[in-house]
Amino acid sequence: MNKKINILVIEDDKNICSYITTILSANSYHVTAALTGKEGLSLAASLCPDVILLDLGLPDMDGCEVLHQLRVWNRMPIIVVSARVLEADKVAALDMGADDYITKPFSNAELMARIRTSLRHSHGNPQDRIYKALDLEINFEKRIITLNHRQIHLTQVEYQLLSLLAGNSGRVLTYRYIMSTIWGPYIDNNNQILRVNMANIRRKIEKNPAQPQYVFTEIGVGYRMLENEYESTL
Ligand code: CA
């Protein structure tokens, strides 16, 4: 028998929440529900669900802000569930890294199909939880970074920046993409704040910050992090 797939539902409407929970439980998924954005973010970090269903209209914070914060470290499928029907909202959610979008009201079949599709894209790979290369290890679940088994302390922004790169290891991420992911879409194009944070990270993790082993500069483009060993062996 297969291990149960964990789904986190972040939805403040109790009726819709219990409707979704009933459908998913009946289809053998394990469901956890959060009624606020804050609760959702903390459950996402502690449970590492296989799929997240995220309502955009939440009482404590905008769903797009939740999506944005999740995507800093989390690569698991996020399906936005919302009553909002504007194209611009869908595009904004997808631009921010949502995998798919489902508009209320939706049918059971539609919901199940979206979840199956998202699961096919990615789930359960170790690189979702652990980054490891050379002497560096990042446990995304516990938010712990070790170098040679010794814990490294980063500021919150440094951690977000490093975990964003680690979660996309092997790929170049543009300055613009990184800036908007960490500081929000309205940050100006001045990369100074990014360079300062990267210099601080390199001082903490690189033997020789001028010749980095972990985070490489792609001049004029962005940064690329050394590929996750788990990813390259899968
Ligand atoms: Ca709502």
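Q: What makes Arg71, Val72 and Trp73 in H3 count as meeting H6?
A: They meet Gln160, Ser163 and Leu164 in H6, where contact means heavy atoms within 4.5 Å. By class, this H3–H6 contact has 3 nonpolar, 2 polar and 1 charged residues. (Ala, Val, Leu, Ile, Met, Phe, Trp, Tyr, Cys and Pro count as nonpolar, Asp, Glu, Lys and Arg as charged, and the others, Gly among them, as polar.) Bear in mind that this is a predicted model: local features need pLDDT of at least 70, side-chain atom pairs count only at pLDDT 80 or more, and totals for chains, interfaces and linings use all residues. Residues are numbered from 1 along each chain as its sequence is written, and side-chain values use heavy atoms, with hydrogens and water left out.

Q: Why are H3 and H6 called roughly perpendicular?
A: The axes of H3 (residues 63-73) and H6 (residues 156-167) cross at roughly 65° and come within 6 Å. Roughly perpendicular covers 65 to 115 degrees, so H3 and H6 get that label.

Q: How do you know whether Cys48 is buried or exposed?
A: Buried means under 20% relative accessible area, exposed over 50%, partly exposed in between (1.4 Å probe, protein chains only). Cys48 sits at 1%, so Cys48 is buried. Cys64, at 12%, is buried too.

Q: Why is Thr217 called partly exposed?
A: Its relative accessible area is 39%, so Thr217 lands in the in-between class.

Q: What makes the link between the side chains of Thr217 and Arg202 a polar contact?
A: The pair is joined at 2.8 Å, against a limit of 3.5 Å for N or O atoms, one able to donate a hydrogen and the other to accept it.

How values were computed:
Axes fitted to C-alpha atoms, helices over the stretch in contact; angles between N-to-C directions. Helix = DSSP H or I, 4+ residues; strand = E, 2+ residues; numbered from the N terminus. Parallel < 35°, antiparallel > 145°, perpendicular 65-115°, else oblique.
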